[in-house]
Every structure is written in structure tokens, then in C-alpha cells.
Amino acid sequence: VGKPVFPSERMYQLTPPGVILGLAWTAMGGSTLYIESVPINQSKDRVGGLQLTGKLGDVMKESAQIALTVAKGFLHDPAYLSMDTDFFEKNAIHLHVPEGATPKDGPSAGVTMVTSLLSLAIGRSVKQDLAMTGEISLTGKVLPVGGIKEKLIAAKREGVKYVILPSGNQSDYHDLANSIKDGLEISFVSEYREVYRIAFE
Amino acid sequence: VGKPVFPSERMYQLTPPGVILGLAWTAMGGSTLYIESVPINQSKDRVGGLQLTGKLGDVMKESAQIALTVAKGFLHDPAYLSMDTDFFEKNAIHLHVPEGATPKDGPSAGVTMVTSLLSLAIGRSVKQDLAMTGEISLTGKVLPVGGIKEKLIAAKREGVKYVILPSGNQSDYHDLANSIKDGLEISFVSEYREVYRIAFE
Amino acid sequence: VGKPVFPSERMYQLTPPGVILGLAWTAMGGSTLYIESVPINQSKDRVGGLQLTGKLGDVMKESAQIALTVAKGFLHDPAYLSMDTDFFEKNAIHLHVPEGATPKDGPSAGVTMVTSLLSLAIGRSVKQDLAMTGEISLTGKVLPVGGIKEKLIAAKREGVKYVILPSGNQSDYHDLANSIKDGLEISFVSEYREVYRIAFE
């Protein structure tokens, strides 16, 4: 026999609205991380705004500001959601990235943050077993990021099935061994609207 | 056969209103960068203002403040636009400079920032394949900048056809080899109104 | 034939209201600088105030605050202007000192700043080819400054004809060689009202 096995389970078996799985990468290797967003009350004479926790560096904090602007615009854009909602005007958002003691930085959670905010605003979870990575620009362009190999290894280890990657990382992906690619369904995107379709439809 | 080709494409094939191509320069060489501006909601008891992201240094942040003052004045100036609009009074503006992890500083994006703000305010894209560089003064004077050679090499590499440069950089341009100058149409300007005419007409 | 000549021209051939030529001095020598002031909109629940750009040090920022107090008082003083205007109550002022990447500090632009603010408030340009230097006290006294020799050399190089200096610098001026003094008309002042008369009358 031997010792019982306690598998290190995913933090979320099912992600609720506002929670999205991202992929991170450091010199120590790749890992998964969750972006969690929750609405918080705010004073009457102040509207909108973000509260950020999770030991985020300056670039990641700016990335959250950019994600909020993109999510607001996307929510109102007549070409896409065109929702008659003032969710982000009426609510401040608390965005957290567990685990709280681990320093995190960089722009590559931009796409994940936009999706977390939109998921919260429309009250819908995203497709399960989906992870994503990509820098977001203010107009919704998805820019390439580093560590594709390490991120995909971490995604497989965590049981992820679907991964959204920036189109600008296609050549990085092409160079990978099949042992890494096998079992992962990859979607390459260059605009946020493509992320939205994959995540929510 | 061989490896598939994944061309590194321009981030924008067509720039929408608010997005302008600038030219930057560091010890590592020249590069292109986009200035992106988007209107954001704001509280009722506060009007106007800028939110800045993109790891901008202090001089570049001040440059954005100067650009906002210049754009506001230009929008109302009876000699030029004379538009009956309170766009900048009713909207706060989020101005971002991708990529988010790259530190940027210096005053040479001033002219590009004014153009980004005006493009957003009037809802019109600028001429395509156009890039620009130049410091802006508070009254709309265009001042010379560094790195003309490196910036023009980067512009050509990116497929730019038209470049706006400060008049004060004419001698720098004159000293360049024809191999750099060929294929680029250069306009030298000393006042912002000249930039406006080239970009929007 | 030979290389074409691109003369390094003055930034302003004619200074509009709000723009005044000052004289600066560092360990590297003297130089001219422009103080530029422009009115900017402000929220309804906030009146007056200054926005400062141009990489100004703390002393120079305080100097701008002093200049605003002096300019406000001068505008309403029945002994001088006695103008029935609430220009500084209705407008915030953006004051900038090009070039944006050059750090500047010290109190010696005080007199120039007061003149820039008053020029803007009354909508009149100052006498052309005029430059000035001097620290200002809160009651309008003009105090002596450093670098008179270097500042006058820079003024001549820039084509300046008239220079306003603090009375407290008369001995510094007296010690200069005639080759520096020739061609410059100097006015020594100890009160701001004397600066006003020379600049606007």
C-alpha cells in the first residue's frame, strides 16, 4: 500500500462570476493564478474605481486600470454587448489575486482582468477549464507575452483544457514539443472581442 | 516547406480615433509607439482630467498634462477648430502607451499626445501610415527632440510613409544618409496647427 | 555652396500674452527660458489655483505660488491696475517652463512669473526683446539673484535688447566688462510696479 494521496486540488472546481484563471510566469517556472473581482460599496459622492490587493507591482496595477477602461467600453459598445448597464458607474470593484503573500507583476494578466470584470458585470461564469494570458491595450488589442512554454506546462498540470493566447505568440507556440501541446486546445486572439466570444459563448 | 511564417505585424492596421503612432528613442535604438486615448466616466462633482498608464516617467506625465491644455485650447480657438464642444470638460481621458511593462519617459511624445486627444475629441482618425515626434510647449510651439536618425530607421521598419518632425531638427535630418531618407515623406513644423493640418486634412 | 544653414531661431519671434522671457543660470552657464501661462478650466466647486509643469524644483514651485499671490494683489491694487476683474478667481492657470526634460529650480524667475500671470490676466503682450530676472517677495519687493554675468551673455546671444535686473545686483553689473554690457539697455528695479511699467508701457 503506501501513503494516501491528497491531490493538490484546484482552488476553484467551478469558477463563479468574477473569477478567471490566468497563467503566470517567473524565473522559477510557470503557474496558474486566479483573478477575483467582487463589487464593494462606495461613498455616495464617489463613483466607480478599483481597489487592488494581492501584492501587485506597479505594472500590474496599471494593467488593472487599463482592464477597467476596456471592460467599461466593451460593456457599452453597440457592436458587442451594448448592455444598458451602469454597473461600473454604480459599483467600485475590489480585484484580488491570490495568494496574498506572493509578489506579482507584469502586464500579462490584462486579458484575464478584463474578463474577470466583464464576468462580474454581466453575472455569468466563463467556460470551465479555460485559462488565458495576454497583455491588453486601451482599445482592446491583445499583445504577446513571455513564458508561453512555462505557462502551458503549468496549465496542463492544473487540468486546464482550453487556453487563450495572443496571436503574437504563435511562433513561440509552434516551436514547442508536441508533448507540451498535446491535450490543450489553443485559441489565438488579437482583439479582446475574440476572447469574449470564447469565454462566454 | 520549412517553418511557417508568423509576420510581426503592426499593432494597428488602421488606427481608430484617439490612437496615434509616435516615434521613440533610447540608448538601445529607435522604436515606434502608439498613444491610445479613451474617454472614461467620472464623478459628477469632478470635471476633466487625465488618467495615465504605460509606466510613464515624470517628464512624460507632465508632457501629457501640457498636451491636454494645448488640445483644449486648440479645440476652442476661433482661428482653427472653433468647435462648440465641451468634450474635455465632460470627459476624463485615459491615456495609455503600450507596451505596459516598458518604462518610457521624455517630452518627445508631446505632439503625438495632443493629436491623440484631438483625434478623440473630434472623432476622426488621422492619416494612415503617419508617425510624428516633437516636444510641445504650452502655447503650441513644436520643439526639437533627440534621436532623429534612430526614429526614422524605426519608422521605415514599421512601414511608415509620412513623418512629422520639428523644424528645429532640420539640420539633423539633412546630415542623414539618403538610404535612411529614401521612401519617407517628411514635414517640418514649428507650430501645432501645422501638425493638425497634416494629420487631419 | 556647402551645407545649408538652419539657424537656431528663438522659440518665439513675438511673445503672446502670458509668455515672458526670463534668464536662468546654472554651473554650465547662462541661458534664456520662457515662462508660459495659459488659463485652464476647472471644476465648479474649486476656484483659482496653479498647475505647474517643466520639471520644476520645490523652490521654483513655491516661487510660482508667490507669483500668483503677487499678481492677484497687483491686479486689484487701487494704486496700480485697480482692474475690476476676477480673472484669477475664475480661472486656474497652467504655467509651464520649456524645455520639459530640463530640471529647473531656484527663485530667480519670480519676477518673470508674476509678469507672465499679469500679461495673461490683462490680455497684453509685453515689450518685445525684453528679458528679466529677479526673486519676488510676497509684497512685491524684487530681490537680487546670482549669475548676472552668465545671464547677460545668454541674453545677448538670444538677441535680447532690454533687461530688467534687481537693484541689489547693481554692483555685480558694474564689475562687468564693457564687451558684455554693450548693446543691452538695463533697468534696475526694487519693486514689482517698476517691472510692470517697463514691461507694459
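This note walks through a few points in the predicted model shown above.

1. Some ground rules to begin with. Residues are numbered from 1 along each chain as its sequence is written, while chains are lettered from A and ligands numbered from 1 in the order in which they are written. In this predicted model local features need pLDDT of at least 70, side-chain atom pairs count only at pLDDT 80 or more, and totals for chains, interfaces and linings use all residues; side-chain values use heavy atoms, with hydrogens and water left out.

2. Let's start with how two of the chains are related. Chain B can be superposed on chain C by a rotation of 58° with 0.6 Å of shift along its axis, giving an RMSD of 0.0 Å (by least squares on the C-alpha atoms of residues with pLDDT of at least 70 in both). That is the relation of a six-fold axis. The copies use different surfaces, with 5% of the contact residues of chain B recurring in chain C (contact means heavy atoms within 4.5 Å).

3. Next, have a look at A:Ile93. This residue belongs to strand β4 of chain A, residues 92-96 (helices, H or I with at least four residues, and strands, E with at least two, are DSSP runs numbered from the N terminus). A:Ile93 counts as buried because its relative accessibility is 0% (buried means under 20% relative accessible area, exposed over 50%, partly exposed in between, with a 1.4 Å probe and protein chains only). Beyond the residues up to four places away in sequence, A:Ile93 touches a set of residues including A:Val38, A:Ile40, A:Phe87 and A:Leu117.

4. B:Glu135 is buried yet has no salt bridge, and the nearest side chain of opposite charge, C:Lys104, is 6.9 Å away (a salt bridge is a side-chain nitrogen of Lys or Arg within 4 Å of a carboxyl oxygen of Asp or Glu; Lys and Arg count as positive, Asp and Glu as negative, and His and the chain ends are not counted). What the side chain of B:Glu135 does reach, at 2.5 Å, is the backbone nitrogen of C:Gly100. Leaving aside neighbours within four places in sequence, the contacts of B:Glu135 include B:Pro107, B:Lys141 and C:Glu99.

5. Finally, compare notes on helix α7. In chain B, B:Arg193 is found in this helix, residues 192-200, and counts as partly exposed because its relative accessibility is 32%. In chain C, the buried residues of α7 are C:Tyr192, C:Val195, C:Tyr196, C:Ala199 and C:Phe200. Seen down the axis of α7(C), these buried residues fall within an arc of 100°, so they line one face of the helix (the arc is that of the directions from the helix axis to the C-beta atoms).

How values were computed
A polar contact is a pair of N or O atoms within 3.5 Å; within protein, one must be able to donate a hydrogen and the other to accept it, and residues adjacent in sequence count only if both atoms are side-chain atoms.
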